[in-house]
Amino acid sequence: MQNLKNKTMAIMIAAILTISMGASMMLVPNANAHTPAWQIPTYAYVNVSPNPAGLGQTITIGMWIQIPPPTAAGAVGDRWHNYNVTITRPDGTKETLGPFTSDDTGGTYTLYTPTQLGNYSFVFNFPGETMPGANGASQTNAYIGDYFKPATSETAHLTVQQDPVPAIPTNPLPTSYWARPIQSGNGVWSTISGNWLGFGIHSFANTGRYNNTGSYNPYSDAPLAPHLIWTKPVAFGGLTGGEFGGTDTSNFYSTSQYEPKWAPIIMNGIMYYTNYPTSINNPTGWTALNLKTGETIWTNNAANLGGGNPAQTALTSQGIVTVLRCGQLLDMVNPNQYGNIAYLWSTGTPAGIATQSQSTTYNMFDASTGTYILSIVNGTSMTLTEDNGGNLIGYYVNSSTANAYNAPTLNMWNSTQAIFYPNSQFIPGTTVASWSWRPGQTSVINFQRGVVWSKPVATNISGNPLISTTDLSGNIVTAQLSINNVNSGVVLMTAVGASYFNIGYQIDAAYSATTGEQLWIENRTLTPFTRDSITKVGYGMYFYIQSAEGIMRAYSLNTGKLVWGPTQLTGDNGNYPVPDPYDSIGGYQTELANGTLYIMGFGGDVWAIDAATGHELWYTSTNKLIGEAGSDTPYGVWPLWVFSGGSVSGNGVYFLNVGHEYSPPLFRGAKQLALNTTDGSLIWSILGFDVTNSATIVDGVVTVLNAYDNQLYSYAKGPSAMTVTAPEVGVTTATPITIRGTITDISAGTKQEAPAANFPYGVPAVSDASQSAWMEYVYMQQPKPTNTTGVPVAISVIDSNGNSRQIGTTTSNADGTFSFTWTPDISGAYTVTASFAGSESYYPSSAGTSFYASEAPTATVAPTQPPQSTADLYFVPAIAGLLVAIIVVGLLIILVLRKRP
């Protein structure tokens with residue numbers, strides 16, 4: 001983030017001054033000098049930001065004068081010197097910052113952290129300067145010798161408060177499906193969005209590794225479940241069938257370890273690779289595909305390589321395509337430009353371009369379209385890497401002694417330097433910078449224009465010539481230093497007395513990768529004929545493994561001294577010496593990540609070693625991880641083919657492939673393995689046979705070539721989709737209803753021919769635990785598993801009172817359907833949401849529906865007579881009868897009395 005801030009400030013100042021630069025240059029007269037010298041007034045300016053600022057919050061102080069140095073032209077020419085800024089603190093004390101030197105626009109900046117509350121003031125001073133015409137400036141410039149007068153800026157004021165001025169909040173890492181391009185403001189996403197530039201050569205390929213050291217991508221996570229998002233064939237593969245039978249040997253050519261069919265470059269979410277459907281001598285074109293979908297974006301082949309320009313298609317004179325070498329992300333920062341530009345580089349000479357015999361041609365292409373741009377000719381093979389600006393840097397040895405040193409030379413080459421001045425002044429050895437980056441279309445540039453320095457390489461040690469010996473044919477071989485690796489600011493070089501079998505010694509030497517100066521040289525004593533060689537370089541060290549016995553040592557890159565060892569690799573996967581005996585014949589391969597050296601042996605052994613101490617962190621083996629090999633392999637173990645070397649992700653996953661070198665046979669049961677780098681435990685495994693390629697890890701996508709069918713398999717967390725329905729009529733608060741729906745995998749691969757045909761209603765989403773067998777069923781023609789489980793689904797409602805609540809959970813089945821039964825508890829309108837929170841295999845998804853629940857109707861009940869009591873049956877009738885009797889007697893008395901006279 002600080003680099004970004006610094007670049008932004010530099011570009012801001014440059015932009016402010018660009019117009020004045022243009023105006024000043026128009027004033028340059030066509031003369032060699034002014035007589036007498038001019039006295040030119042200057043105006044000084046200073047700015048502080050942010051303002052106000054918080055106590056302890058870093059601010060940027062920008063300073064400039066109104067006119068750039070008239071002789072400045074990119075990397076060359078004069079700069080203004082001795083800028084200074086006087087700061088007055090709130091308590092009245094002062095401090096002075098500087099001196100500072102301007103850039104080619106006449107401005108510069110510095111950072112400052114206020115430590116007091118209150119008002120600060122800043123004054124910038126330019127002391128004046130006579131233009132000297134230094135730093136390669138054109139000596140015909142009229143302003144050389146003129147005096148640019150002193151200037152002092154107006155005072156800039158800064159208010160410092162207790163609380164810092166907040167920055168715009170950064171968007172967090174994504175929790176839903178995402179794809180390229182990534183919005184530039186999402187800076188934290190850089191931690192999960194790496195690239196794969198292919199500087200390192202993958203086994204016998206021309207490219208294919210993350211960088212020149214190996215395949216550890218710290219800027220990309222790997223999936224923690226074996227969920228496939230797409231597959232794609234790179235050549236005929238799998239069972240040949242028919243008259244060739246159904247054995248393990250009747251497969252199309254896929255164990256092509258010496259003719260790798262896939263060695264990719266990945267930039268901006270696009271995977272590029274050269275197609276080799278048959279022999280490595282017959283490349284047929286390039287494919288550029290979408291990393292997240294497998295969709296082909298463009299193809300360059302014999303018909304249109306380089307955009308189809310008949311005059312320059314970048315086809316060789318043999319009519320085949322040039323072969324991809326690496327990618328480049330050039331971070332071009334100058335007063336007129338800012339940001340990365342993506343290029344592809346190939347090797348091979350386009351037809352019609354004359355070159356020296358046995359030389360190497362480097363061709364540059366636009367990465368977005370595959371269009372040819374230019375060629376750099378008469379070069380040599382190099383160890384390629386990049387600097388902080390994305391410039392393509394190459395190191396190589398020139399064996400010729402026809403030079404000022406009378407010795408072979410180590411050389412550093414910069415592609416940007418070679419290209420910058422194809423049609424104008426070229427100054428060897430200068431740091432490349434310019435006001436504009438404009439590579440000339442169809443330019444043919446001499447390789448030598450990019451040589452930054454050449455330094456002598458040692459031909460003796462301690463005053464004695466390097467040892468000579470004989471090779472297997474009895475020829476005298478003079479030891480000569482060659483480049484082993486470039487890492488940690490050091491070029492590590494080695495010289496051995498024979499091309500393959502070590503005969504008891506190796507000369508190691510180190511040179512500064514910045515200056516080419518020799519740091520040290522040592523003659524190592526080795527155990528003869530044990531394949532004792534350097535396996536990995538990094539973290540300021542380099543590591544030897546002696547394959548015959550599994551013994552390791554580590555040396556310092558800066559001093560050449562032993563750091564630790566010899567250390568014996570131990571394990572329980574064999575009996576002699578200690579690791580499996582097949583390790584001695586197939587050898588070991590290593591990856592270095594986060595200070596840990598990960599080692600895989602052909603015999604199925606895997607170790608994690610603390611790179612600083614040599615201490616074993618953990619050990620495991622393929623038989624421990626996936627079970628005994630039984631009779632499926634001829635080795636008694638599941639072998640790890642070491643051409644691939646494995647890959648390591650930023651979130652701590654170590655990818656290995658079971659496989660071996662030769663065919664026949666393609667034995668059954670081989671697996672792609674994903675191990676936890678913390679303890680070596682198995683995270684997941686799935687069918688996959690390896691012969692040469694380690695997995696690529698970019699943007700959360702792991703891609704590997706499977707020799708079982710010559711297809712690319714890409715694993716990643718994929719998108720999911722849900723549906724949900726509820727009854728539309730007859731719903732009341734008195735009766736249960738069933739809410740049902742589906743959850744499916746909608747990754748791009750599910751639209752491919754076989755999955756789409758076999759799952760016309762969509763591929764069900766299943767649990768992480770079921771992924772391996774399920775993906776093998778969906779994509780690899782394996783039997784349907786019988787124990788597949790689905791994913792959890794949460795059911796929520798918003799009721800008629802506006803209350804949102806989860807009413808329950810359920811789990812989908814192997815068909816991707818789910819259901820949940822529930823009785824509405826109040827009447828009114830409901831909104832229903834079924835949601836899946838996501839897993840290691842899928843991103844979240846949800847779906848909604850609605851229904852209306854009526855109040856349950858109240859039933860009408862006829863009235864009933866209550867049962868009569870004993871009083872009702874006996875006492876009440878008796879009283880009533882007595883009353884009637886009394887009335888009757890009373891009436892009789894009245895009648896008798898009426899009859900009396």
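This is a predicted model: local features need pLDDT of at least 70, side-chain atom pairs count only at pLDDT 80 or more; totals for chains, interfaces and linings use all residues.
View 1. Rolling a probe the size of a water molecule over the atoms shows where empty space is left. The second largest pocket has a volume of about 1700 Å³. It is lined by 47 residues, and those closest to its centre are Asn 484, Ser 533, Ile 534, Thr 535 and Gln 589. The elements giving two or more residues to this lining are β21 (360-366), β23 (383-386), β32 (482-487), β33 (490-495), β36 (532-538) and β40 (588-593). Which strand gives the most to the lining of the second largest pocket? That is β36, with 6 residues.

**View 2. The largest nonpolar core, and another one.** The largest nonpolar core has 63 residues, and within it Phe 655, Ile 795 and Phe 851 touch the most other members. Apart from this core lies another, of 42 residues, among them Leu 305, Leu 344, Trp 413 and Ile 419.

**View 3. Around Ile 795.** What does Ile 795 touch, once residues up to four places away in sequence are not counted? The list includes Ile 739, Ile 807, Phe 818, Phe 820 and Val 832. Also touching Ile 795 are Gln 806, Gly 808, Thr 833 and Ala 834.

**View 4. Strand β52 and its partners.** Strand β52 (residues 737-745) pairs in the antiparallel sense with strand β51 (residues 720-725) over 6 bridges. Look for Met 722, which stands opposite Ile 743 in β52. With strand β56 (residues 817-822), β52 again pairs in the antiparallel sense, over 6 bridges; here the bridge partner of Ile 737 is Trp 822 in β56. Strand β53 (residues 763-764) pairs with β52 too, in the antiparallel sense and over 2 bridges. In that pairing, Asp 745 stands opposite Val 763 in β53.

**View 5. A largely enclosed helix.** Why is helix α6 (residues 771-779) described as largely enclosed by the rest of the structure? The reason is that 7 of its 9 residues are buried. Just after α6 comes Gln 781, which takes a positive phi of about 60°.

View 6. Our last stop is Ser 121, found in strand β8 (residues 118-126). Is Ser 121 buried or exposed? Its relative accessible area is 15%, and buried means under 20%, so Ser 121 is buried. Leaving aside neighbours within four places in sequence, Ser 121 is in contact with Thr 86, Ile 87 and Thr 88, and also with Thr 155, Ala 156 and His 157.

Notes: Residues are numbered from 1 along each chain as its sequence is written. Side-chain values use heavy atoms; hydrogens and water are left out. A nonpolar core is a set of buried Ala, Val, Leu, Ile, Met, Phe, Trp, Tyr and Cys residues joined through side-chain atoms within 4.5 Å. Buried means under 20% relative accessible area, exposed over 50%, partly exposed in between (1.4 Å probe, protein chains only). Contact means heavy atoms within 4.5 Å. On a 1 Å grid over the protein atoms alone, a cavity is a set of points where a 1.4 Å probe fits but cannot get out, and a pocket is an open set with protein on both sides within 12 Å along at least five of seven lines; lining residues have an atom within 4 Å of a point. Grid points are joined across faces, edges and corners, and a volume is the space filled by probe spheres set on the points. Helices (H or I, at least four residues) and strands (E, at least two) are DSSP runs, numbered from the N terminus. Two strands pair if DSSP finds at least two bridges between them.
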